[in-house]
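Reader: Could you walk me through the charge pairs, the pockets and the ring contacts in this model? I'd like to take them one topic at a time.

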Amino acid sequence: MPAALPLRHLICIDDLDRAGLEALLDRADTLLPRALGGSPGGEQPLAGKTVVNLFFEPSTRTRSSFELAARRLGATVLNFDMASSSTRKGETLTDTLFTLEAMGAEIFVIRHASDGVVAQLAAVCAPRSHLVNAGDGRSQHPTQGLLDMLTIRQHKGRDFGALTVAIVGDLRHSRVARSDLRALRLLGAGTIRVAAPEVLLPEPEVTRGCVVCSSIEEAVRGADVVMTLRLQRERMEEGLVSSAESYFRDWGLTPERLALARPDAIVMHPGPMNRGVEIADAVADGPQSVIRQQVSNGVAVRMAVLEALGSG
Ligand code: CP
């Protein structure tokens with residue numbers, strides 16, 4: 001099967017139409033054995049290309065999986081080390097990009113704490129450069145959105161219209177929720193429920209078309225997919241949530257609460273998890289959890305995206 005589609009940049013799920021998104025998921029499914037290292041060799045469509053991981057915020061899953069994805073496709077990978085870079089001497093992000101472009105790099109995977117940074121860089125980058133948003137502020141995390149849709153599709157099939165999806169937790173500060181909600185709407189998800197303490201709900205535009213629930217129980221009851229989100233304290237004003245204990249008591253996904261969902265419901269979490277805060281150990285490690293599968297799918301989805309960018 002060929003690369004999903006030529007793609008200049010991936011900044012936001014809105015860069016894709018439904019056919020484009022589904023083509024990337026199809027391609028990721030095909031690439032999964034190679035992504036996980038079980039099928040070495042194969043085509044090397046990124047041979048001769050350099051992928052730069054430019055991460056200005058911490059990451060385990062996204063950065064490692066982009067590196068593995070790029071290497072599996074034959075690219076040279078440069079992991080930019082922010083701590084020892086000239087950004088510490090005042091070099092701007094734009095000049096950093098121009099500097100790396102001047103060395104021949106052409107695919108840039110960028111994570112940054114500020115909303116909109118990747119779109120701003122896309123507006124000034126060289127014509128041959130391709131940018132991927134690996135998470136900007138609380139705005140977007142499109143490859144997480146794609147891997148989450150792939151995971152749901154693997155368990156629940158292609159008819160998203162039949163599904164009830166519950167997203168619970170800190171939606172206000174979550175770029176994952178913003179990308180997942182756009183992707184779910186694009187795929188025609190039947191019912192999308194969101195639930196959070198009032199201070200952790202996002203602006204109404206983000207949850208357009210969703211059922212806003214006042215408790216985790218209301219959100220989870222009868223759901224096919226239950227996703228919990230981390231409390232993003234790094235983006236939160238001090239004191240917004242009184243304590244981890246009270247949050248877990250009121251909003252934590254426990255086995256008792258999960259029992260309200262459909263018996264075949266899947267449990268998702270984008271990671272990193274705060275166990276005992278938004279999710280109980282018994283749920284995170286339980287038979288309905290697909291959290292590690294999400295991570296595996298991340299490598300395949302990022303291969304599909306890099307391949308599409310490399311042919312764009
Ligand atoms: N889900 C996610 O973005 O995880 P990392 O912060 O570890 O990349």
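Author: One cut-off has to come before the rest: a residue is called buried when its relative accessible area is under 20%, exposed when it is over 50%, and partly exposed in between. Please also keep in mind that this is a predicted model.

Reader: Fine, so is Arg-235 buried or exposed?

Author: Arg-235 has a relative accessible area of 18%, and because the limit for buried is under 20%, Arg-235 counts as buried.

Reader: Which side chain does Arg-235 meet in a salt bridge?

Author: The partner is Glu-57, and the N to O distance in that salt bridge is 2.9 Å. Arg-235 sits in the loop between strand E8 (225-228) and helix H8 (244-251), while Glu-57 belongs to the loop between E1 and H2, so the contact ties together parts that are 178 residues apart in sequence.

Reader: And which other residues join that network?

Author: Through salt bridges that share partners, Glu-57, Arg-175, Arg-230, Glu-234 and Arg-235 are joined into one network. Within it, Glu-57 also meets Arg-175, at 3.0 Å from N to O. That pair again links distant parts of the chain, with Glu-57 in the loop between strand E1 (50-55) and helix H2 (61-72) and Arg-175 in helix H6 (residues 175-186), 118 residues apart.

Reader: Are Glu-57 and Arg-175 buried or exposed?

Author: Glu-57 is buried at 15% relative accessible area, and Arg-175 is buried as well, at 6%.

Reader: How many salt bridges does the whole structure have?

Author: The search finds 23.

Reader: Switching to pockets, what is the volume of the largest pocket, and which residues lie nearest its centre?

Author: Its volume is about 360 Å³. The lining has 20 residues, and those nearest the centre are Arg-111, Arg-175, Arg-230, Gly-271 and Pro-272. H2 and H6 are the elements that give two or more residues to this lining.

Reader: What classes do the residues of that lining divide into, and which domains do they come from?

Author: The lining of the largest pocket has five nonpolar, eight polar and seven charged residues. At least three residues come from each of domain 1 (13-140 + 295-310) and domain 2 (142-290).

Reader: What about the second largest pocket, what lines it?

Author: That pocket holds about 150 Å³ of space, and its lining includes Arg-178, Arg-182, Arg-185, Glu-203 and Glu-205. By class, the lining has one nonpolar, two polar and six charged residues.

Reader: Last topic: how many aromatic pairs turn up?

Author: The search of the whole structure finds one. Phe-56 and Phe-80 form this tilted pair, 5.8 Å from centre to centre with 50° between the planes. Phe-56 lies in the loop between E1 and H2, and Phe-80 in the loop between strand E2 (76-79) and helix H3 (93-102), 24 residues apart.

Methods
Residues are numbered from 1 along each chain as its sequence is written. This is a predicted model: local features need pLDDT of at least 70, side-chain atom pairs count only at pLDDT 80 or more; totals for chains, interfaces and linings use all residues. Side-chain values use heavy atoms; hydrogens and water are left out. A salt bridge is a side-chain nitrogen of Lys or Arg within 4 Å of a carboxyl oxygen of Asp or Glu. Helices (H or I, at least four residues) and strands (E, at least two) are DSSP runs, numbered from the N terminus. Buried means under 20% relative accessible area, exposed over 50%, partly exposed in between (1.4 Å probe, protein chains only). On a 1 Å grid over the protein atoms alone, a cavity is a set of points where a 1.4 Å probe fits but cannot get out, and a pocket is an open set with protein on both sides within 12 Å along at least five of seven lines; lining residues have an atom within 4 Å of a point. Grid points are joined across faces, edges and corners, and a volume is the space filled by probe spheres set on the points. Ala, Val, Leu, Ile, Met, Phe, Trp, Tyr, Cys and Pro count as nonpolar, Asp, Glu, Lys and Arg as charged, and the others, Gly among them, as polar. Domain bounds come from an automatic or database domain assignment. Rings of Phe, Tyr and Trp (its six-membered ring) pair if their centres lie within 6.5 Å; planes under 30 degrees apart count as stacked, over 60 as edge-to-face and the rest as tilted.
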